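Thanks for coming, everyone. Let me walk you through one structure, piece by piece. Please keep it on your screens while I talk.

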Amino acid sequence: MKKLNLAIIGQGRSGRDIHGKLLKSEDNTLYNVVAIVEADAQRRQRALEEYPGCKVYSDYTELFDVEGIDLVTNATYSEMHYPITKDLLEHGFNVLTEKPFARNYYEACDLIKTAEEKGVLLQAFQQTFAAPFHDFNKEVIKSGKLGEIKQVSVFYNGFARRWDWQTLQCRMAGNVYNTGPHPIGLALDFLDFSDDTRVAFSKLDRAMNSGDAEDYAKIILTAPGKPVVDLEINNTDAFCDFNVKIQGSRGTYKATPTKYQMKYFVDAENEPRPVQKDFLKDANGYPIYCSEKLVTHEEEGTFNGTAFDVGTRRIYEMIYNKLVKGEEMAVTAEMAAKITNVIETVHAQNPMPIKF
């Protein structure tokens with residue numbers, strides 16, 4: 001099988017510990033890592049040891065003189081994603097860029113337009129779309145077991161303090177830019193990426209971090225004929241036990257990336273309850289509460305793999321199949337642009353003071 005030559009820009013938590021973890025493993029049968037770009041000399045030396053046969057560079061522009069690179073992974077700091085990706089596209093490279101895809105919708109569309117004009121591939125690293133648990137989320141909805149879906153809650157919450165660069169607005173940070181592309185992406189997928197999606201409510205605030213960017217985010221998305229989607233990306237929740245909860249007219253489902261639970265009822269197994277206009281009473285005429293014991297079904301299970309292993313591998317497989325076989329991508333830059341549009345809207349609705 002033909003392998004593609006890959007360059008990685010950045011050897012931080014994402015470039016080394018997510019992308020690199022796959023690309024250095026036996027699961028990688030599609031790519032040769034031929035170049036690493038990293039400003040830090042110690043990390044460059046480590047890359048030489050971890051990627052046998054690769055070459056290292058201190059600046060991404062040095063790649064412009066390297067022949068035979070089929071794909072560049074841009075795993076730089078958030079504020080660098082747009083300008084570096086733009087420059088790479090203009091120089092004819094296929095690019096996989098980390099999230100956040102761009103600072104705003106204009107930048108996102110500009111990247112897409114540039115890729116089209118240059119005839120190259122542009123992909124955002126939105127690997128949660130390819131995670132096993134999200135595949136199952138959508139299967140549950142399609143199964144009809146939950147009835148008509150009324151609300152979806154997507155909670156990416158935790159209980160922790162943070163004090164690194166990901167807490168600074170000047171670094172394009174905060175929960176919505178950093179973690180947000182994943183839950184916002186799932187939310188939009190539950191709304192079928194409707195062009196009529198709107199941010200019905202949003203609130204950003206600081207609670208526990210040391211910087212000036214938000215670590216509390218509440219967002220509600222709606223679209224005509226779609227369920228309400230309730231989003232949280234908060235560092236203030238010590239007791240959240242799910243990432244996705246789906247509430248329908250016949251049942252409820254909740255899931256984390258590793259397991260799920262579901263409880264629902266079937267109409268045919270429960271006596272019809274026509275509405276009664278008068279008060280309810282027992283055989284002696286005493287008032288009673290409107291209650292019953294439904295015949296229900298409960299299911300639970302686990303998922304094999306997460307966004308950080310299976311999801312990452314699937315994204316790289318999609319890109320390979322697009323570049324080598326011409327297959328269509330299930331995850332696209334246009335999807336990332338819509339995510340960016342929500343992020344921009346939420347920040348516009350909640351301007352926060354810049355302190356650093």
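**Starting at Asn243**

Leave out residues up to four places away in sequence, and Asn243 touches Ser153, Val154, Phe155, Tyr156, Ala255, Thr256 and Pro257. Contact here means heavy atoms within 4.5 Å. Where is Asn243 placed? In the loop between strand E10 (228–232) and E11. Helices (H or I, at least four residues) and strands (E, at least two) are DSSP runs, numbered from the N terminus. Is Asn243 buried or exposed? Its relative accessibility is 15%, so Asn243 counts as buried. The cut-offs: buried is under 20% relative accessible area, exposed is over 50%, and partly exposed lies in between, with a 1.4 Å probe and protein chains only.

Two notes before I go on. This is a predicted model, where local features need pLDDT of at least 70 and side-chain atom pairs count only at pLDDT 80 or more, while totals for chains, interfaces and linings use all residues. Residues are numbered from 1 along each chain as its sequence is written, and side-chain values use heavy atoms, with hydrogens and water left out.

**The eight-stranded sheet**

Now the sheet that holds E10 and E11. It is open, has eight strands and mixed pairing, and its order is E8-E9-E10-E7-E11-E12-E13-E14. Two strands pair if DSSP finds at least two bridges between them. Strand E8 (198–205) and strand E14 (296–302) are the edge strands, and each pairs on one side only. On average, neighbouring strands in this sheet are turned by 10° against each other, direction ignored. Axes are lines fitted to C-alpha atoms, for helices over the stretch in contact; angles run from 0 to 180 degrees between N-to-C directions.

E8 runs antiparallel to strand E9 (residues 216–222), and seven bridges join them. There, Val199 stands opposite Leu221 in E9.

What packs on this sheet? Helix H5 (residues 132–143), which touches strand E7 (149–155), strand E11 (244–248), strand E12 (251–255) and strand E13 (259–265). The direction of H5 makes about 175° with that of E12.

Move to E11. E7 and E11 are antiparallel, with five bridges. Ile149 has Gly248 in E11 as its bridge partner. E11 and E12 are antiparallel too, over four bridges. Gln247 has Thr252 in E12 as its bridge partner. How many residues are in the hairpin that joins E11 to E12? Two.

**Cores and rings**

Next, the inside. In soluble globular proteins, nonpolar side chains tend to be buried together. A nonpolar core is a set of buried Ala, Val, Leu, Ile, Met, Phe, Trp, Tyr and Cys residues joined through side-chain atoms within 4.5 Å. The largest one here has 68 residues. Tyr31, Val154, Ile184, Leu221, Tyr253 and Tyr316 have the most contacts inside it. Helix H8 (residues 307–325) gives the largest share of this core, six residues. A second, separate core has 27 residues, including Tyr57, Leu63, Val72 and Phe93.

Tyr253 also belongs to a cluster of ring pairs, together with Phe133, Phe136, Tyr260 and Phe303. Rings of Phe, Tyr and Trp (its six-membered ring) pair if their centres lie within 6.5 Å; planes under 30 degrees apart count as stacked, over 60 as edge-to-face and the rest as tilted. The structure holds 13 aromatic pairs.

E4 and E5 are parallel, over three bridges, and Val72 stands opposite Val95 in E5.

Last stop: helix H3 (residues 81–90). Why is H3 called largely enclosed by the rest of the structure? Because eight of its 10 residues are buried. These buried residues pack against strand E1 (4–9), strand E4 (71–74), strand E5 (95–97), helix H4 (105–118) and strand E6 (122–124). Lys86 is one of the buried residues of H3. Setting aside neighbours within four places in sequence, Lys86 is in contact with Asp110, Leu111 and Thr114. After H3 comes Gly92, with a positive phi near 85°.
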